[in-house]
Amino acid sequence: MGKEKEYVTITIDDQEIQARPGEFIVDVARRHGIYIPVLCNLKGVKPAGSCRICTVLVNGRPMTSCTTPVADGMEITTRSPELEDFRRSVIEILFVEGNHFCPACEKSGNCELQALAYRFEIMVPRYPYQFPHREIDASWPLLLKDHNRCVLCKRCIRTIFDKEGHPIFAFRNRGHELEITIDPEYGKNMTDEMARQAAENCPVGALLYRKKHGFEIPIGKRKYDKEPIGSDVEKRKKEKVS
Ligand code: SF4
């Protein structure tokens, strides 16, 4: 049996790149200053591949870049009019499927969905708004859960565990009824830090930490007031070039 190669050679947008076998395309691209938009993906966390926004073309075929490991000879395209339109349509679907009223949302300015909408210059979604009737759950002492804003990315499920390794969050129900829930048993082990981390990891305003506090960061100082989403990655590329 041959020894596994230490590096594989791929091209991303015609740029030849070396990567370690098993690395995910999105991570390799990020490292080289190529921004692939993501929503469910969180750096360093096992990917879920649920939102599909990070779809790229691998040897001409659409694949999610957060779940596809690199392999020798891959030719990857991260940008094309079709890919951009596909991503825009997914973002638009997320907006109409839930109730995202940005001006009234505490996550506004720090929300990844909103920041992506700005990046893709979405003014009016092409799909009709669904205006679903969903619950706001304020029964937990540290967190407020607003199902109207949840994009079902599973970031909370994948990142927040109690000391014994039990997940604090889970999905319940199916299809249109699918929603995030806090495990009634393990949820009792949720510490202040876990609640804060869950709210931070949530890309939208579906989990809000510390009831009674709100809108504490003034407009102008919020994350995406300072720079648009993806610009930190793209800046890296410009620095390399200059
Ligand atoms: S609550 Fe937030 S982190 Fe959890 S699934 Fe919904 S959007 Fe994702």
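On helix α5, the face turned away from the buried side carries the exposed residues D192 and E193. Here a residue is buried if 20 or more other C-beta atoms lie within 10 Å of its own, exposed if 12 or fewer, and partly exposed in between, with C-beta atoms placed from the backbone. Helices (H or I, at least four residues) and strands (E, at least two) are DSSP runs, numbered from the N terminus.

The model is predicted: local features need pLDDT of at least 70 and side-chain atom pairs count only at pLDDT 80 or more, while totals for chains, interfaces and linings use all residues. Residues are numbered from 1 along each chain as its sequence is written.

Helix α5 spans residues 192–201, and its buried residues are M194, A195, A198 and A199. Viewed down the axis of α5, these buried residues fall within an arc of 130 degrees (taken from the directions from the helix axis to the C-beta atoms), so they line one face of the helix. Their cover includes β7 (143–146), α4 (155–159) and β10 (207–209), with contact meaning that C-beta atoms, placed from the backbone, lie within 7 Å.

The chain as a whole has 7 helices and 10 strands. Its radius of gyration is 19 Å, close to the 18 Å that the globule rule gives for 242 residues, so the chain is as compact as a globular protein of that length. This radius is taken over C-alpha atoms, and the rule is 2.2 Å times the number of residues to the power 0.38. Of the 242 residues, 32% count as buried. Among contacts between residues at least 6 apart in sequence, 64% join residues at least 24 apart.

Strand β3 has two antiparallel pairings, listed below; strands pair if DSSP finds at least two bridges between them.

| Strand | Partner | Bridges |
|---|---|---|
| β3 (residues 55–58) | β4 (residues 61–64) | 4 bridges |
| β3 | β5 (residues 75–77) | 2 bridges |

V58 stands opposite R61 in β4, and the bridge partner of V58 in β5 is I76. The hairpin of β3 and β4 has 2 residues between the strands, and N59 takes a positive phi near 50 degrees there.

Finally, 13 residues surround the ligand (C-beta atom, placed from the backbone, within 6 Å), the closest being C150, C153, C156, C202 and A206. This shell has 10 nonpolar, 1 polar and 2 charged residues. Ala, Val, Leu, Ile, Met, Phe, Trp, Tyr, Cys and Pro count as nonpolar, Asp, Glu, Lys and Arg as charged, and the others, Gly among them, as polar.

Methods:
Contact = placed C-beta atoms within 7 Å.
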